[in-house]
Amino acid sequence: MKVVTGLGWGALILALALTPLLAVDLIFIYLLEDTSFPILSTLSMLGCFYLLSTTLSFFVDGLMGVLRSFFRVNVPRLLDTILHGIVSGISLYVVLSFFPSIDLSSFTAMAIIFVHVFGASFWLNREDLKERTPLELDSIDQQIVHLLRTETIVSCVERIQSDYPELPKRDVLKRVRRISQSNQVATSES
């Protein structure tokens, strides 16, 4: 029962998040098309389009994440945006084939795809900004940063371990390694 409730809330949140896109797409359809389509079939077509596009976009995001993580390939965000445009185009084409009563012009379809590419680009840039913002450092991390300026990594680990004996050595090593690597990246970019 809790799963159904959770899925219901998830669907509601997704619907609320996609409402602005739905409104923009409805405005495009009714302004750019000569004939008006029944509102219920238009809404169901757009709902199916969002569902298919969102599902396929999760797979594209996962594929790009695998390329970035496992293969250490620096895939530019422009390629992500282009792939999301292709996914939106394919999704719209597939959904329109299941709704033969809705015949959108090529211009309207391109406008809808453009809105989705713009939304995906905005979303990806927001995610990129999250990755670039530095993590907030606690007092131990600040002490590690200060020690790394004057000491070696080994002596820094020993000093932190003597100051904080309750911390496991593995955690101290992870912190020192993470901070020393972020400092090396910061100094190489400067």
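**View 1. A salt bridge joins arginine 178 and aspartate 141.** The two side chains meet at 3.3 Å, N to O. A salt bridge here is a side-chain nitrogen of Lys or Arg within 4 Å of a carboxyl oxygen of Asp or Glu. Arginine 178 lies in helix α7 and aspartate 141 in helix α5, so the pair ties together parts that are 37 residues apart in sequence. Helices (H or I, at least four residues) and strands (E, at least two) are DSSP runs, numbered from the N terminus. Arginine 178 is partly exposed, at 35% relative accessibility. Buried means under 20% relative accessible area, exposed over 50%, and partly exposed in between (1.4 Å probe, protein chains only).

The model is predicted: local features need pLDDT of at least 70 and side-chain atom pairs count only at pLDDT 80 or more, while totals for chains, interfaces and linings use all residues. Residues are numbered from 1 along each chain as its sequence is written, and side-chain values use heavy atoms, with hydrogens and water left out.

**View 2. Aspartate 141 also pairs with arginine 175.** The closest N and O atoms of this salt bridge are 3.1 Å apart. Arginine 175 sits in α7 (residues 169–189) and aspartate 141 in α5 (residues 139–150), so this pair links parts 34 residues apart in sequence. Aspartate 141 is buried, with a relative accessible area of 5%. Arginine 175 is partly exposed, at 21%.

**View 3. Glutamate 151 and arginine 159 form another salt bridge.** Their side chains meet at 2.9 Å, N to O. Glutamate 151 is partly exposed, with a relative accessible area of 25%. Arginine 159 is partly exposed too, at 39%. The salt-bridge count comes to 3. Side chains of opposite charge can pair when their charged atoms come close.

View 4. The expected span is 1.5 Å times one less than the number of residues. Ile140, Asp141, Ile144, Val145, Leu147 and Leu148 are buried in α5.

**View 5. Helix α3 has a buried face.** Its 22 residues (77–98) should span 32 Å at 1.5 Å a residue, and its end C-alpha atoms are 32 Å apart, which agrees. Buried in α3 are Arg77, Asp80, Thr81, His84, Gly85, Val87, Ser88, Ser91, Leu92, Val95 and Leu96. Seen down the axis of α3, these residues fall within an arc of 165 degrees, so they line one face of the helix. The arc is that of the directions from the helix axis to the C-beta atoms. On the other side of α3, Leu78 and Tyr93 are exposed.

**View 6. A nonpolar patch lies on the surface.** Leu56, Phe59, Leu78, Leu79, Ile82, Ile86, Ile90, Tyr93, Val94 and Phe98 form the patch, with about 1,000 Å² of accessible area together. The elements giving two or more residues to the patch are α2 (39–69) and α3. Helix α3 gives the most, with 8 residues. One of the patch residues is isoleucine 90, which lies in α3. Isoleucine 90 counts as partly exposed, at 47% relative accessibility. Patches are made of residues with over 30% relative accessible area and no salt bridge; like charges are joined within 9 Å, nonpolar side chains (Val, Leu, Ile, Met, Phe, Trp, Tyr) within 5 Å. Accessible areas come from the Shrake-Rupley method with a 1.4 Å probe; for residues, only the protein chains shown count as cover.

**View 7. Threonine 42 is buried in helix α2.** Threonine 42 lies in α2. Its relative accessibility is 0%, which counts as buried. Threonine 42 touches Leu26, Ile29, Tyr30, Phe37 and Ile102, not counting residues up to four places away in sequence. Contact means heavy atoms within 4.5 Å.

**View 8. The whole chain gives the setting for the close-ups.** The chain has 7 helices and 0 strands. From the N terminus on, its elements run α-α-α-α-α-α-α. Of its 190 residues, 29% are buried. Among contacts between residues at least 6 apart in sequence, 64% join residues at least 24 apart. The chain exposes about 13,200 Å², and carbon and sulfur atoms supply 68% of it.
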